[in-house]
Amino acid sequence: MQFSLDASEREVQENISSFLSRRAPVSVDRVVDLKGLYCEMGHLGFFSLSVPEAAGGLGLPFFMAGLFALAAGRELLPGPWLEHLLALEAMVAAGAGATELSPALAGRRLEAFAFTEVRLSHHPAKIEGRLPRVPAGVQRRVLLASSDSSVGPVLIAVGTTGQGIAEQPLESVDLTWDGVSVDYESVAVESQRPLPKHTIGELANKAAILAAAAAIGASDRLLEDTVAYVLSRHQFDRPIGSFQAVKHRLADLYINLEHVRNLVLAALAHEDGERTRLAPMAKVMADQVYRSAAETALQLHGGLGFTWECPVHLYLKNSLRLRTVPVSSSHHRHLVGARLAIL
Amino acid sequence: LDLRETKEELAFRRDFRQWLEETLPGVRSAQEPPLASTEEQIYAERRRFDRALHRGGWSGITWKREYGGRGGSLTEQMIFAEECARAAAPEVFNRGGLGVMGPTIADCGTEEQRRRFLPAILASDEIWCQGFSEPDAGSDLAGLKTWAEAVDGGWSVRGQKTWTTLGHFADFCMLLARTSREAKKHHGLTMFIVPMQQPGVVVRPIRQIAGDQEFCEVFFDGAFVPTENLIGQVGDGWSVAMVVLGHERSTHFIGRQVRLGQEVTALVELVRLKAGEVPSELKDRLVDVCVRSEALRWTVWSHIARFEAGGRPGPVDSATKVFWSDVWQDLANLAIDIEAAVGLPVDIPRHGRPDWNLTYLSSRAATIYAGTSEIQKNIIAERALGLPRG
């Protein structure tokens, strides 16, 4: 057992982090050309990390996708990166090949997976249904569908424009993520594939762990920025970071963050049933720590922390959305309890 | 990350598990399992376990072979703790000697000291205690007043130590004392090995809130320490003390984490039995405790990886000390709340189950001993986060 990042893992993490902090550093007035940014990330292989080589990816462990999520969370990477990664994971699980995946791997086509199930009818294949809350600005959606004639779940891909598709923009508390609701009325699908039933649970685990990893990256950044702030801000002729009340709040954050980090890394590193056990645990704790990190950062930035110009609110608002990805914290808490057989 | 157990680790686990199965029946008290063993019976059992470990070659897992240890890895130490927990083995009696004081002598002692003291620690023939805290020097350890004066052939010690674990059984005390009144606070200290069996040493056990007497007050009134019992140089006591605390805050925590995991499992089993009666709010708290206990477990693995790669104890170990004590207290608080909610302990046999009231009381000490949470947070703020001293 060797519970520490090896050299290649550290290198991947540093490369992604330094690219994102150069190309799209977090700030309150950040304007990002999402299409261009996602193309560059695709070109650098960020979406290919854990996709098998046979499907056109780099064939690395899922752990590497987690390192990407850590870096994405740190810089509050805008857009549907998580749903895009899940779309790729889902398509791979359903047996899609390199040709079909290549536009998404290259970042030329943004895709988004949603767990919401729609109704599928056959000859010709058309869907009906409603997605209450999915990311805006993608070119293709990857959805779960059920029909009377299919035995198990079906994975379908569907475009985002055309006859029968109605997208309505949603208010999103998170300024780094735009959402829409989508209604489908007899919409033709681009592709459909049977999906092994157990893969839905695996996708849910992966979604939870990636969101948890993003929460860790974001919390790291909040801690660093807040430490820098309390060192620079002086009151009573001394840095406010020299007051024990301030120091202990930051120490508390450090303590929780160091421990949840290892839980998330463990969840990322396991490939088997242990991942199923650890994923909801990692998500429950990461949600708690991220939110308290943002609240601590806000408090210690004082009056500034409550203003629009200070980036802390971007993280706080992101934490409020991230805790609902892929489902609520309370659902994950329920999963942990169910597994312990105490409910 | 590579989370697979190596062939050697698997073999270690298998061999030790088998040894425990064969050996433990002979170690346990004849009266076991009663409702309550006396403190003396528990100590006797722990001593028997130490001796059996030594005979079986399982004492000093991470100690170097040249000092009689197994020369094993910290991973093996973790497996050792996990298997002891699994088999509900007694706690190691000479815990401080094996986990903290012995390794400090190996790190900082002379070759003669290593030859003289390490084998007897390993065999638990000689029990060790640690003389650091004083009535007026707790968190401000360097403010201690116990005074050692050079005399013919050695040193004469006067003063009082307190919260001395196992002081009443100890043969030797690793004692931090002041040897200079002129030098600045941290520079006037020296570390000694004090023989406890002599007229100048009086030990008085302190009854703790859980009723047991693990701690003692130790009074030194002209106790003699021969010159060869000095660890490091005169005036170097603080740096030796940091080595001691380093061992206390790092490797020592392997066992604590594993025991906590065991108690979490016991509480989960209790709630499972009473699932219909435990309010959902208490179950939510149990989920939180389980989650944090799991996070602690993986963090201990990350510490092991760091130490095995040559890392030194640091502020992140303080973080684990605080985290562990908080989770333990939350677990104990929750356990007595659950018992109160379901009307226990009345209708489930006590056998094999922790006495949660005692656990609750004992756990209150965890945020105080081995460096209070408040001091640990100062250490973290200053050394991990780079914040200035207040």
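**Exercise 1.** Which residue stands opposite S191(A) in β7(A)?

Solution. The model is predicted; local features need pLDDT of at least 70, side-chain atom pairs count only at pLDDT 80 or more, and totals for chains, interfaces and linings use all residues. Residues are numbered from 1 along each chain as its sequence is written, chains are lettered from A and ligands numbered from 1 in the order in which they are written, and side-chain values use heavy atoms, without hydrogens and water.

Step 1. Strands are DSSP runs (E, at least two residues), and helices likewise (H or I, at least four), numbered from the N terminus. Two strands pair if DSSP finds at least two bridges between them.
Step 2. β4(A) and β7(A) pair in the antiparallel sense over four bridges.
Step 3. The residue opposite S191(A) is A157(A).

**Exercise 2.** Explain why β5 and β7 of chain A each have one side without a neighbour in the sheet.

Solution. Step 1. The open sheet of chain A has seven strands in the order β5-β6-β2-β1-β3-β4-β7, with mixed pairing.
Step 2. β5 (165–170) and β7 (191–194) of chain A stand at the edges with a single partner strand each, so one side of each lacks a neighbour in the sheet.
Step 3. For β5(A), six bridges join it to β6 (residues 179–188) of chain A in the antiparallel sense; P169(A) stands opposite V180(A) in β6(A).

**Exercise 3.** State how many residues of α7(A) are buried.

Solution. Step 1. Buried means under 20% relative accessible area, exposed over 50%, partly exposed in between (1.4 Å probe, protein chains only).
Step 2. Helix α7 of chain A covers residues 244–269.
Step 3. Of its 26 residues, 20 are buried.

Methods
The expected span of a helix is 1.5 Å times one less than its number of residues.
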